[in-house]
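Work through the exercises below with the model in view. Try each task before reading its solution.

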Amino acid sequence: MWIWAVLAALVLTALAQYLVYRKIGLSKVRYTVSLQTGEVFEGDDVFLYETLENIGRFPLPFVRLSTDLPDGLEFILVEETGEKAEKKRVTKTSRVQSLFVLRPGIGIRRRLRVRCQVRGKYEIDGAIALGGDLLGMRVQTIHLVPAQGGRNRLVVLPRTESLSAGYICSFGLSGDLITNHCPVTDPLYICGARPYTDSDPMNRINWKQTAMRGELMVREEEKTVRFDFNVLLNMNTRPIELHRTSSDTAALERNIRVCASLFDRAAASDVPVRLITNTASVAAGAQAVCEDGVGTEIYGSRVYCGRGDTLDAFRLLASVRPTVSVPADQMLEHIAAYPELYRGSRNFVVVSAYLDTCLVNFWHAMTAQGCQVVFYLTTSRADVRDFPADAEIYYKTY
């Protein structure tokens, strides 16, 4: 008789716990996620911290947590092998799963290493949790949304590369150039000293040279002229795109890295630089050039100058998505027809994945107006045979 009583008690217990977990389930699980930092460079590693906490009054026998990363990020799992852990095996994956047992009021925290492979803006939107009762009679799967207060957004800035080593015939495109035709001298460029004359201002007196020579000496300053330029990012990776997206994302990423390198080079010399591109994905950090049909689809950033603006320029490049707002040929024709809309700059650095007749015509049109146009070609796609010999093109070295 007692056997039947035990069996009945077990059945009632199993039914009771099934009903309890059916009502509660994983609703008492709190999930938080936090990144080590909110901004890194392309290729860097960052730690991701996840906390899974049981805030209910009943234990959770098993909870399997699965975290997926968006494209461009991947987990780096390091596993030690061998008796003395002399060897390590590195595994790259976009998904990590773990199994936990959570008691009431207990939280578990795990730390994962994330490698940022591609620049962009990312958000960890949660994880998938699978849990059930003690006997596995009811299994539930829910999507855990990160609790408020966590830092689940990450900005991956583009990395720079050496333009002089990666591109043939590369040289300083802009900066301060010494010239004999400029009437204004630059006090930052000192070329020597000479005796004082009545026409020299007192603030140019070189007191050290005066003490050594025993007579008033003034600084001789070079005459310089400063150039600013526009970086023209061509979102088309081929002359004709079938859709309003860049078909070759690898080539587009190379274009953006070249733009970042140009921004970095300009910042080192305090040269003003501006980004112009044919995509609407940077609308948050740029604005349309003008209000006509084509100009509304061409976006230009503000002018960046100096090291203080470098991160802002990189953040703008990180927000660029592979979408094309207007074909490249229409953008080039608009710039050639209305060059005054682009802040009067007489220098254009065109970063493109290909070279075709439209770019050649753009070079001829801008050169005729006294503008200097330089090309950075990031692939071997060149459909032009007779390109002007005096055009400056920098080819990618492989």
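Rings of Phe, Tyr and Trp (its six-membered ring) pair if their centres lie within 6.5 Å; planes under 30 degrees apart count as stacked, over 60 as edge-to-face and the rest as tilted. This is a predicted model: local features need pLDDT of at least 70, side-chain atom pairs count only at pLDDT 80 or more, and totals for chains, interfaces and linings use all residues. Residues are numbered from 1 along each chain as its sequence is written, and side-chain values use heavy atoms, leaving out hydrogens and water.

**Exercise 1.** Find the ring cluster that contains Tyr167, and describe one of its pairs.

*Solution.* Start with the cluster. Ring pairs link Tyr167, Tyr376 and Tyr394. Next, take Tyr167 and Tyr376. Their pair is edge-to-face, with 5.3 Å centre to centre and 75° between the planes. Now place the two residues, using DSSP runs numbered from the N terminus (helices: H or I, at least four residues; strands: E, at least two). Tyr167 lies in the loop between helix 2 (163-166) and strand 13 (176-178), and Tyr376 lies in strand 21 (residues 372-382), so the pair ties together parts 209 residues apart in sequence. Last, check burial (buried is under 20% relative accessible area, exposed over 50%, partly exposed in between; 1.4 Å probe, protein chains only). Tyr167 is buried at 2% relative accessibility. Tyr376 is buried at 1%.

**Exercise 2.** What lies over the face of Phe47?

*Solution.* Apply the test: NZ of Lys or CZ of Arg must be within 6 Å of the ring centre and within 35 degrees of the ring normal. Arg111 lies over this ring, at 4.2 Å from its centre. Then look at accessibility. Phe47 has 18%, so this residue counts as buried.

**Exercise 3.** How many bridges pair strand 4 with strand 7?

*Solution.* Strand 4 (residues 60-68) and strand 7 (residues 95-102) pair over 7 bridges, in the antiparallel sense. One of the partners in strand 7 is Val96, which bridges to Thr67.

Terms used: Pairing = 2+ DSSP bridges.
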